[in-house]
Structures are given as C-alpha cells and as structure tokens.
Amino acid sequence: SGHRAPAQQNMSDLDMAMEETDFVEDEVTEEAEEGEGEEAVQEQKLLDVSAITEVQYETFDEINLPADIITEAQNIWTLFISSASSREAAGEAIYAALFDSAPSLQNLFKTPRSVMAMRFMIGLNNIISTMSDPSALKVTVET
C-alpha cells in the first residue's frame, strides 16, 4: 500500500532535511567566500539555523532563527506555562522530565530540587524570550 510506516516516513523526512541543510551550508560558505572582507566574515558568523547540522562546540556564533520557528516555540512555551498550575509546577515538570530521561544526571546537582526546577524554568524562559534577537540570545545562553 502507499503508506509508509511512521519511522520510515520520519527517516525519509530527516534525510531530505539533511540534504537541504547540506545545500544551504554550502551556499552560505560560497556566498561568504564570494563576499568582501569583514562583511563576509560577519555574515558567516550570524548562522542560519538551517546550516546547523551538529552540535557546535568549537565556536559560539550568533544564530538567526526563522520567524516561524520563533513564533511556534514561543506559542508552545506559553501554552506549556499556562497549562501548569504555577510557574513552580512548570519548573518541576521540566526537572522531572529531564531526570526521568537521564537519572544519572541527578547526582550532578547538589542544589535542592525546587531551586533547580525554578532555575531550569527561568533559563528556558529567558532563552525563548530572546530567540528573535541573535546577540541577546547569545548573551543569554553564555550566562
């Protein structure tokens, strides 16, 4: 039949996205090489999210997220916050989800659970709030 299993469909979609990302990455590099001096370097440092295919750990550049991604992330975040009985409860849900998926990480945190839950909550809120401003987002993530 003409329907693919969800796992096959997701893999196919992932493969297509990776191909598109490779194309965009090549295009960004070519444009930067064709550009002139400092302007080309600055443009290459402000990354487009579609050009990121793996975790960047050698450099920490500003990232320019697409408006639809920002809007969707902020809408989902607002929905998540409003679905919890309080900000503290939302923070506890994040904490629980993190440590349920990786229990070994819990030993790395000596701070009380309620304090850590609120730190996660505040940190994520700050990141989502600054997504539309690449330089502010970079500062938020760095600090």
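My entries below go from the overall layout to the core and then to one helix pair.

**Layout.** I kept in mind from the start that this is a predicted model. I looked up the secondary structure and found six helices and two strands. Read from the N terminus, the order is α-α-β-β-α-α-α-α.

**Burial and surface.** I checked how much of the chain is tucked away: of the 143 residues, 17% are buried.

**Core.** Next I went to the largest nonpolar core, which has 16 residues. Leu-65, Trp-77, Tyr-95, Phe-120 and Met-121 have the most contacts inside it. Helices H3 (67-83), H4 (87-101) and H5 (113-129) each supply at least two residues of this core. H5 gives the most, with five residues.

**Tyr-95.** Which residues does Tyr-95 touch, leaving aside neighbours within four places in sequence? I noted Gln-106, Arg-113, Met-116, Ala-117 and Phe-120.

**H3 against H4.** I then followed the axes of H3 and H4, which come within 8 Å and cross at roughly 110°. An angle from 65 to 115 degrees counts as roughly perpendicular, so H3 is roughly perpendicular to H4. H3 makes the contact through Trp-77, Phe-80 and Ile-81, and H4 through Arg-87, Ala-90, Ala-93 and Ile-94. I sorted these residues by type: six are nonpolar, none is polar and one is charged.

Definitions and conventions
Residues numbered from 1 in each chain as written. Predicted model: local features only at pLDDT ≥ 70, side-chain atom pairs only at ≥ 80, totals over all residues. Heavy atoms only, no water. Core = buried A, V, L, I, M, F, W, Y, C linked by side-chain atoms within 4.5 Å. Buried < 20%, exposed > 50% of the residue type's maximum accessible area, 1.4 Å probe, protein only. Helix = DSSP H or I, 4+ residues; strand = E, 2+ residues; numbered from the N terminus. Contact = heavy atoms within 4.5 Å. Axes fitted to C-alpha atoms, helices over the stretch in contact; angles between N-to-C directions. Parallel < 35°, antiparallel > 145°, perpendicular 65-115°, else oblique. Nonpolar A, V, L, I, M, F, W, Y, C, P; charged D, E, K, R; others polar.
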